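This report describes the fold, the packing and the side-chain pairs of one protein chain. The sequence and the model are shown first.

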Amino acid sequence: MEVITGDVGRRTWSPEEKERILAEAAVPGAVVSEVARRHGLRPQQVFGWRREARTASRAQEGMVFAPVVLDTMPSSAMPMPKEPPAIEVQIGDAMVRVPAGMDGATVRAVLRAVRASR
């Protein structure tokens, strides 16, 4: 009789690899099962990682897991919204326009994310 102990046959993923796979699965139009298959995973693993990321991000100062995409288009080329923003915040060369009625927690999360990406 042969006894196998430990996590033999299980692959471990670094936090960076998990983050990269989660970002790939979060792209608009991406199919989680296809992303999982490409990386030798089951879709349930990807959904589990998402849940873990959300739980971990909530534990950090009330931050929410959300990707930030910076628009590199010059502000002069951007069309003006029909309703002027209530607040405009310039961080380096990025302009954050906050519409009236936006809750404070969301504004703080966006400003932290923009500041962290600089």
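The model is a predicted one.

Strand 2 pairs with strand 1 (residues 87-91) in an antiparallel arrangement, and five bridges join the two. Within this pairing, isoleucine 87 has valine 98 of strand 2 as its bridge partner. The two strands form a hairpin with two residues between them, and glycine 92 in the turn adopts a positive phi of about 65°.

A salt bridge involves the side chains of arginine 97 and glutamate 88, with an N to O distance of 3.4 Å. Arginine 97 has a relative accessibility of 27% and so counts as partly exposed. Glutamate 88 is also partly exposed, at 42% relative accessibility.

## Overall architecture

The protein contains four helices and two strands. Along the sequence these elements follow the pattern α-α-α-β-β-α.

Of its 118 residues, 18% count as buried. The protein exposes about 9,500 Å², and carbon and sulfur atoms supply 55% of that area. Among contacts between residues at least 6 apart in sequence, 32% join residues at least 24 apart.

Helix 1 covers residues 15-25, and Ile21, Leu22 and Ala25 are buried in it. Viewed down the axis of helix 1, the buried residues fall within an arc of 100°, and therefore they line one face of the helix. An α-helix has 3.6 residues a turn, so residues three or four places apart point the same way. On the other side of helix 1, Glu16 and Glu19 are exposed.

Valine 31 is located in the loop between helix 1 and helix 2 (32-38). With a relative accessible area of 37%, valine 31 is partly exposed. The C-alpha atoms of valine 31 and proline 43 are 9.5 Å apart in space, and the two residues are 12 apart in sequence.

Side chains of opposite charge can pair when their charged atoms come close. A salt bridge of this kind joins arginine 38 to glutamate 24, with the closest N and O atoms 2.8 Å apart. This pair links distant parts of the chain, since arginine 38 belongs to helix 2 and glutamate 24 to helix 1, 14 residues apart. Arginine 38 is exposed, at a relative accessible area of 56%, whereas glutamate 24 is partly exposed, at 24%. The count of salt bridges in the model comes to two.

## The aromatic pair

How many aromatic pairs does the count come to? The count is one. Tryptophan 13 and tryptophan 49 form this pair in an edge-to-face geometry, with 5.6 Å from centre to centre and 65° between the planes. The pair links distant parts of the chain: tryptophan 13 is in the segment before helix 1, and tryptophan 49 is in helix 3 (residues 43-59), 36 residues apart. Both tryptophan 13 and tryptophan 49 are buried.

Note on methods:
Residues numbered from 1 in each chain as written. Predicted model: local features only at pLDDT ≥ 70, side-chain atom pairs only at ≥ 80, totals over all residues. Heavy atoms only, no water. Buried < 20%, exposed > 50% of the residue type's maximum accessible area, 1.4 Å probe, protein only. Contact = heavy atoms within 4.5 Å. Areas by Shrake-Rupley, 256 points an atom, 1.4 Å probe, with all protein chains shown as cover. Pairing = 2+ DSSP bridges. Arc of directions from axis to C-beta. Salt bridge = Lys/Arg side-chain N within 4 Å of Asp/Glu carboxyl O. Phe/Tyr/Trp six-rings, centres within 6.5 Å; stacked < 30°, edge-to-face > 60°.
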